[in-house]
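My notes follow in the order I looked things up.

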Amino acid sequence: KDERVARVAKLNEMMPRADVTVSEKYRRIVEAYQIEMEYGRTIEAYRGKRGDKEVDFLRVGRVGLFYQTPDGAETGYWDREKKDWTAGSEYSEGVKEGLKVAKKQTSPNLLIVPIQAAASK
């Protein structure tokens with residue numbers, strides 16, 4: 001989120017400047033859109049901490065953020081409505097497979113993981 005906010009702040013700072021050409025402003029806006037679009041189409045795995053536990057995180061585009069302990073004993077996902085993590089071992093195989101795909105240890109395949117419906121406006 002910090003990276004995204006910084007990108008928008010840089011664009012807002014650059015727009016009123018007269019020393020930056022219109023074509024350069026347009027290029028940077030398009031570049032920001034491309035980065036955002038790519039973010040929604042990718043799958044990523046990274047190691048981090050959840051509380052005092054070291055876990056592997058799995059981000060599936062914009063639709064899901066999951067975690068799993070390295071031994072596979074605990075699996076969970078980010079619940080947007082609760083704004084908190086929810087443990088759910090019923091999806092441990094799907095998250096395990098997703099982590100392998102993201103780390104390029106296996107070929108892409110269908111992942112069975114919980115996906116929350118889009119929020120209604």
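I began with Glu38, which is partly exposed at 40% relative accessibility. I found its side chain in a salt bridge with Arg41, at 2.9 Å from N to O. Arg41 is exposed, because its relative accessible area of 58% is over the 50% cut-off. This is a predicted model, so I treat each distance here as a computed value of that prediction.

I then checked the confidence. I read a mean pLDDT of 88 for the protein, and 94% of the residues reach 70 or more. Confidence is lowest in β5, with a mean of 90, and highest in strand β2 (residues 53–60), with 94. I kept one caution in mind: where pLDDT is low, the predicted coordinates should not be read in detail.

Next I looked up the domain assignment. I noted domain 1 as 1–39 and domain 2 as 43–103. Between their C-alpha centres I have 31 Å.

Back to the charged pairs. I searched the whole structure and got 15 salt bridges. One of them joins Glu36 to Arg62, with 3.0 Å between the closest N and O atoms. I placed Glu36 in helix α2 (residues 22–40) and Arg62 in the loop between β2 and β3; the two are 26 residues apart, and the pair links distant parts of the chain. Is Glu36 buried or exposed? Glu36 counts as buried because its relative accessible area is 19%, and the cut-off is under 20%.

I looked at Asp56 and Lys103 next. Their side chains meet in a salt bridge with an N to O distance of 3.9 Å. This pair too links distant parts of the chain: Asp56 is in strand β2, Lys103 is in the segment after α3 (92–102), and 47 residues separate them. I have Asp56 as buried, at 7% relative accessibility, and Lys103 as partly exposed, with a relative accessible area of 40%.

I traced five strands in an open sheet, ordered β1-β2-β3-β4-β5, and the pairing is antiparallel. At the edges are β1 (43–50) and β5 (84–87), each pairing on one side only. For Gln68 I found Thr75 of β4 as the bridge partner.

Last, I went through α3. Which residues of α3 are buried? I noted Ser92, Gly94, Val95, Gly98, Leu99, Val101 and Ala102. I then asked what covers these buried residues, and the cover includes β1, β2, β3 and β4. After α3 comes Lys104, and I recorded its phi as positive, near 60°.

Methods:
Residues are numbered from 1 along each chain as its sequence is written. This is a predicted model: local features need pLDDT of at least 70, side-chain atom pairs count only at pLDDT 80 or more; totals for chains, interfaces and linings use all residues. Side-chain values use heavy atoms; hydrogens and water are left out. Two strands pair if DSSP finds at least two bridges between them. Helices (H or I, at least four residues) and strands (E, at least two) are DSSP runs, numbered from the N terminus. pLDDT is the predictor's confidence in each residue, from 0 to 100. Domain bounds come from an automatic or database domain assignment. A salt bridge is a side-chain nitrogen of Lys or Arg within 4 Å of a carboxyl oxygen of Asp or Glu. Buried means under 20% relative accessible area, exposed over 50%, partly exposed in between (1.4 Å probe, protein chains only). Contact means heavy atoms within 4.5 Å.
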